[in-house]
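Please look through the structure shown below with the text beside it.

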Amino acid sequence: METLLLTQVINVVYEVLILAIIVLGLAVVMGLLNVLNIAHGEFIMIGAYTAYVVQKSGLPYVLAVPAAAGVCGIIGLVVERFLIRPLRYEPFETLLATWGLGLLLRKLVELGFGRGYRSVEIPVVGSLNFFGEAYPTYRLVLMGVSASVLAGLFLWYRRAPTGARIRAMVGNPVLAEAVGIKTRELARNTFVTGTAMAGIAGVMIAPLTPVEPFMGLAFIVNSFFALVVGGMGTVAGLFAGAGIIGGLQSVLSATVNPTTAYLAMLFLSILFLWQRPRGLFPRP
Amino acid sequence: MLTSFKLTRRNFVRAASAGALAIGAPAILRPAMAADVLKIGVLVADSGPAALFGPAQRAAAELGAATVNAKGGILGRQVAIVFADAGASPAEVAKSAVKLMLSDKVEMIFGSHDSAVRQGVENVVKGKLPYVYTPVFEGDDCSPNVYFLGEVPEQELQKTLPKLLEFAKGKTFYLVGNDYVWARTTNEKAKKYIGEIGGKVVAEDYYPLGAPNKFENTVAKIKAEKPSVVLQTLVGGDNVNFNRTFADFNLSDDIVRLSCLLEENTLMGIGKDASKNLYSSLGYFADIDLPENKTFIGELAKKYGDKAPQQCTISKGLYDAFIFASAVAAKSKSLGAKEFAAAAEGISFETPSGPMTMTKRHTTKNIFLARCDGTKFTVIDTFSAVPTQQSCT
């Protein structure tokens with residue numbers, strides 16, 4: 001039973017890290033720009049389809065990462081220019097607009113690929129011994145990549161001048177513009193970064209789930225709850241949200257049962273929306 | 001041009017009455033037309049979690065209608081389909097069913113959707129017209145004037161489980177399913193058959209339906225428990241997710257998996273790297289080698305070409321519904337509830353998966369046990385005319 005416990009502990013860490021990488025793009029766009037991109041799941045879906053196409057054409061799987069970032073980034077660029085910017089980044093207007101965008105993207109992918117499930121083969125097969133317990137290699141790779149991406153982003157946001165400019169723009173857009181920060185470009189780049197990240201998340205999870213036009217819907221729910229609980233616009237909030245939502249689901253579903261775990265997550269999210277809508281670590 | 005037409009009173013009256021006649025004429029003709037065409041409401045998954053089956057369901061239903069029409073229709077009338085979406089909530093679909101009855105004036109309803117929706121539709125149809133429910137389901141429903149063509153758990157498991165033990169390394173079972181009536185009932189019934197063959201259930205897990213589930217926890221437990229068989233009642237994306245996770249954790253060599261709802265589309269999602277030692281027990285596979293099936297698939301290919309959607313037991317049932325209804329109506333000479341029910345009892349009809357017989361409003365049919373080879377099914381055993389053991393009167 002000890003090995004079971006160890007596997008379950010790795011499972012919890014895995015679920016938290018995967019959720020964090022899925023939330024990341026949404027957190028960037030929502031936390032920094034106040035735009036709740038309801039189509040976030042669809043960008044993940046498009047990233048997954050990009051991975052599928054890359055694999056089908058016999059190219060190395062790693063190439064799917066820049067490909068998906070490119071595809072989703074370009075779509076993000078177009079969306080920002082013709083949807084988000086004309087709506088002046090207003091939270092409610094963009095929420096509705098991106099909801100419609102999600103519908104459109106799903107239908108477009110359905111036109112191209114049909115509704116059927118596609119499966120992406122696991123790029124790194126086999127399992128590794130991890131403290132005497134075999135765990136699938138690809139999942140370990142994913143955990144490693146997610147952890148490094150998150151850590152890297154954290155450091156970059158703290159240290160790099162762009163991070164400071166974003167913080168300035170978010171804190172006081174008028175003053176930021178007055179001191180020479182090009183807020184329009186900065187906002188655009190932030191949005192595009194968010195969609196590109198969603199694309200990369202799609203590539204990472206594509207080998208684990210059925211790839212189909214509606215797959216994005218499953219991701220948006222948990223991502224949104226993670227943001228609600230964690231709080232928007234801070235790195236601590238991102239980690240706290242992913243940790244609590246992902247961890248709670250994983251632990252309860254291992255110890256009690258999966259239905260209770262899901263119920264508990266919904267309950268906790270409602271509690272937060274009701275009593276503490278800004279989450280645990282909101283942007284000051 | 002304008003001067004040639006003077007708006008006099010006489011001209012106005014003439015024009016107005018001509019116009020009125022033109023508008024009114026179809027109303028006079030309509031009842032005559034409607035009596036000719038027999039409208040059938042068909043509930044298909046255009047949206048929702050089963051939307052994947054929508055195009056195949058529509059294709060199967062359309063071919064069913066065309067086949068019946070080519071042979072003179074039902075009760076000597078050509079049939080016409082009125083499709084409605086069954087992918088919404090049960091209350092919404094029930095509203096669509098009311099609309100089908102009151103405004104479209106359908107005389108029968110065929111449906112391929114989940115049980116919650118079926119109960120919603122049953123509550124509004126109230127046995128007023130024949131309602132043919134086609135997909136795999138849990139059984140134990142005796143609502144009046146409802147006819148069940150799908151596989152019930154008794155059919156899927158009774159003969160299949162003993163056969164499956166030939167491939168398994170022991171007799172311990174781990175049950176995993178979605179948390180709803182079909183999976184729970186199927187597993188309750190499965191426990192009885194597992195007991196009969198001297199097997200033992202070591203654990204069971206249920207995952208919420210329609211939630212973004214992850215299966216690492218259950219797979220880790222399975223790895224620790226080491227059962228010989230994993231019996232699955234997961235549907236759609238969860239079925240894919242679970243089986244891919246299962247294979248990733250390297251369990252597919254030693255543990256045999258049997259799924260109670262694994263059809264062609266789901267297997268495509270599971271993929272060839274995760275389908276080793278995975279079995280499926282159903283009343284139809286698109287590849288089965290029967291002349292009726294060759295005709296069925298051939299006709300669809302003729303009609304839709306390369307775009308013909310992948311058929312499976314969920315969609316093909318709607319084709320059967322047309323064959324069934326026309327066979328019953330030929331005998332009952334009426335669609336009245338009493339006459340239809342009396343004629344349905346004991347009736348046999350030919351379908352792409354072989355002959356079926358309606359007994360107590362459920363359908364005795366062939367059951368196939370198939371092994372997954374990559375993303376294809378290989379039928380390894382066929383059980384003929386498996387009874388449903390349902391007892392509706």
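In strand β8 of chain B, the residues B:Val229, B:Leu231 and B:Thr233 point one way and B:Val230 and B:Gln232 point the other way, yet all are buried; a residue is buried if 20 or more other C-beta atoms lie within 10 Å of its own, exposed if 12 or fewer, and partly exposed in between, with C-beta atoms placed from the backbone. The model is a predicted one, in which local features need pLDDT of at least 70 and side-chain atom pairs count only at pLDDT 80 or more, whereas totals for chains, interfaces and linings use all residues. Residues are numbered from 1 along each chain as its sequence is written, and chains are lettered from A and ligands numbered from 1 in the order in which they are written.

Because 5 of the 5 residues of β8(B), residues 229-233, are buried, this strand is largely enclosed by the rest of the structure. Helices and strands here are DSSP runs numbered from the N terminus, the helices being H or I with at least four residues and the strands E with at least two. Strand β6 of chain B (residues 172-178) pairs with β8(B) in the parallel sense over 5 bridges, and two strands pair if DSSP finds at least two bridges between them. β8(B) also pairs in the parallel sense with strand β9 of chain B (residues 256-259), over 4 bridges. B:Val229 of β8(B) is the bridge partner of B:Phe173, and B:Val229 has B:Val256 as its bridge partner in β9(B). Strands of a sheet pair through backbone hydrogen bonds, either parallel or antiparallel.

Helix α8 of chain B (residues 216-225) has as its buried residues B:Glu216, B:Asn217, B:Thr218, B:Val219, B:Ala220 and B:Ile222. α8(B) is followed by B:Lys226, whose phi is positive, near 50°.

Elsewhere in chain B, 5 strands form an open sheet in the order β2-β1-β3-β4-β5, with parallel pairing. The edge strands, each of which pairs on one side only, are β2 (79-85) and β5 (146-148) of chain B. From one strand to the next the twist averages 20°. Within this part of chain B, strand β1 (residues 38-44) runs parallel to strand β3 (residues 108-111) and is joined to it by 4 bridges, with B:Gly41 standing opposite B:Ile109 in β3(B). Helix α3 of chain B (residues 90-102) packs on the sheet and touches β1, β2 and β3 of chain B, and its direction makes about 155° with that of β2(B). Such angles run from 0 to 180 degrees between N-to-C directions, and axes are lines fitted to C-alpha atoms, for helices over the stretch in contact.

For chain B as a whole, there are 13 helices and 14 strands, and the C-alpha trace spans about 95 × 50 × 40 Å along its principal axes. Of its 393 residues, 51% count as buried. Among contacts in chain B between residues at least 6 apart in sequence, 70% join residues at least 24 apart, where two residues are in contact if their C-beta atoms, placed from the backbone, lie within 7 Å.

Two helix pairs can be followed next. In chain B, helix α12 (residues 313-332) and helix α13 (residues 337-344) pack at an angle of about 110°, with their axes 8 Å apart. That makes α12(B) roughly perpendicular to α13(B); angles under 35 degrees count as roughly parallel, over 145 as roughly antiparallel, 65 to 115 as roughly perpendicular and the rest as oblique. The contact is made by B:Val328, B:Lys331 and B:Ser332 of α12(B) together with B:Glu339, B:Phe340, B:Ala342, B:Ala343 and B:Ala344 of α13(B).

In chain A, helix α2 (residues 40-56) and helix α9 (residues 215-230) pack at an angle of about 135°, with their axes 7 Å apart. That makes α2(A) oblique to α9(A). Among the residues of α2(A) that meet α9(A) are A:His40, A:Ile44 and A:Ala48, and those on the side of α9(A) include A:Met215, A:Phe219 and A:Ser223.

Finally, the contact between the chains takes 35 residues from chain A and 33 residues from chain B. On the side of chain A that touches chain B, the largest share, 7 residues, comes from α1(A).
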